[in-house]
Amino acid sequence: MEHWRPAEIERASMEIIDRELTARGVRLPADTAPVVKRVIHATADFDYGENLQFTPDAVARGVNALLAGTSVVTDTNMALSGVSAPGLQKLGGGKYCYMADPEVAEMAKARGVTRAVISVERAAAERPGCIYAVGNAPTALFELIRQMEQGFRPALIVGVPVGFVNVVEAKEALWEACLSQEIPAIVAMGRKGGSAVAAAILNALIYRAAGMLEPESRGW
């Protein structure tokens with residue numbers, strides 16, 4: 001059996017993705033293509049070639065925010081673990097998730113809301129210009145909308161929760177809110193998404209900002 005180095009596997013995978021997108025008649029804009037292909041690479045799901053939506057200049061604004069050292073907040077520790085720490089360190093940013101914080105759990109229980117809601121509240125208060133990525137909790141998207149109505153202005157929202165209950169509605173509401181308030185957003189419309197998708201989107205932006213597009217630059 002032939003042994004491939006990780007860099008060779010990634011490069012070959014991206015070539016396969018390019019061919020299959022072409023065969024499906026999907027032509028991606030130059031600015032969003034690296035993000036979409038990174039998600040397909042992480043999921044092997046070509047539906048993301050059509051269901052990932054980007055507000056105007058979302059990729060450029062996300063990259064510029066990262067170049068300025070903006071930190072990333074996620075709604076799950078799984079997404080957090082998947083985000084490139086070396087890339088963020090190179091850019092001067094950090095990554096955070098409040099979901100496992102005991103104080104968050106206590107406040108959520110006392111108020112009868114989800115930990116995702118309290119986590120968004122904390123991010124709005126402590127990191128008001130962050131990039132916020134949601135891969136699991138639709139309640140986080142509704143809370144993001146509420147916080148935006150009160151003045152929260154994240155640098156970018158990645159809204160890709162997965163599931164069946166309130167997921168589609170939350171994404172559609174977030175999309176409309178971000179468009180109306182001119183807040184950059186990348187949203188996976190429909191039911192699909194997840195922590196791996198959120199991490200893949202963030203990494204696509206981080207790699208571009210940090211000059212790490214080539215897998216060898218990441219130590220592969």
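**Ground rules.** I am working with a predicted model, in which local features need pLDDT of at least 70, side-chain atom pairs count only at pLDDT 80 or more, and totals for chains, interfaces and linings use all residues. Residues are numbered from 1 along each chain as its sequence is written, and side-chain values use heavy atoms, with hydrogens and water left out.

**Strand 4.** I began with strand 4, residues 131-134. Helices (H or I, at least four residues) and strands (E, at least two) are DSSP runs, numbered from the N terminus. Ile-131 and Ala-133 point one way from the strand, Tyr-132 and Val-134 the other way. All are buried, meaning under 20% relative accessible area; exposed is over 50% and partly exposed in between, with a 1.4 Å probe and protein chains only.

I then looked for its partners. Strands count as paired if DSSP finds at least two bridges between them. Strand 2 (residues 72-74) pairs with strand 4 in the parallel sense, over 3 bridges. Strand 5 (residues 156-159) also pairs with strand 4 in the parallel sense, over 4 bridges. Ile-131 is the bridge partner of Val-72, and Leu-156 in strand 5 is the bridge partner of Ile-131.

Strand 4, helix 9 (residues 138-149) and strand 5 form a right-handed β-α-β unit. Right-handed here means that, with the strands pointing away from the viewer, the path from the first strand over the helix to the second runs clockwise.

**Helix 2.** Next I checked residues 33-43, which make up helix 2. Its buried residues include Ala-33, Val-36 and Ile-40, and also Lys-37 and Arg-38. The buried residues pack against helix 1 (6-23), helix 3 (48-51), strand 1 (52-54), helix 4 (58-67) and helix 11; contact means heavy atoms within 4.5 Å. Just after the helix, Ala-44 takes a positive phi of about 60°.

**Cores.** A nonpolar core is a set of buried Ala, Val, Leu, Ile, Met, Phe, Trp, Tyr and Cys residues joined through side-chain atoms within 4.5 Å. Which residues touch the most other members of the largest one? They are Leu-52, Leu-66 and Ile-201, out of 43 residues. Helix 11 gives the most to this core, with 12 residues. A second, separate core has 32 residues, among them Ala-123, Ile-145, Phe-152 and Ile-183.

Leaving aside neighbours within four places in sequence, Ile-201 is in contact with Val-35, Val-39, Leu-52, Val-158, Val-160 and Ile-186.

**Ser-195.** Ser-195 lies in helix 11 (residues 195-210). Ser-195 counts as buried because its relative accessibility is 10%. Its side chain makes a polar contact of 2.8 Å with that of Thr-76. A polar contact is a pair of N or O atoms within 3.5 Å; within protein, one must be able to donate a hydrogen and the other to accept it, and residues adjacent in sequence count only if both atoms are side-chain atoms.

**Gly-69.** I found Gly-69 in the loop between helix 4 and strand 2. Gly-69 and Gln-53 are 16 residues apart in sequence and 25 Å apart in space, C-alpha to C-alpha.

**Cysteines.** How many disulfides does the structure hold? I found 0, with a disulfide taken as a pair of cysteine sulfur atoms within 2.5 Å. Cys-97 is in no disulfide; its nearest cysteine sulfur, that of Cys-130, is 12 Å away. Cys-97 counts as buried at 17% relative accessibility. Cys-130 is buried too, with a relative accessible area of 2%.
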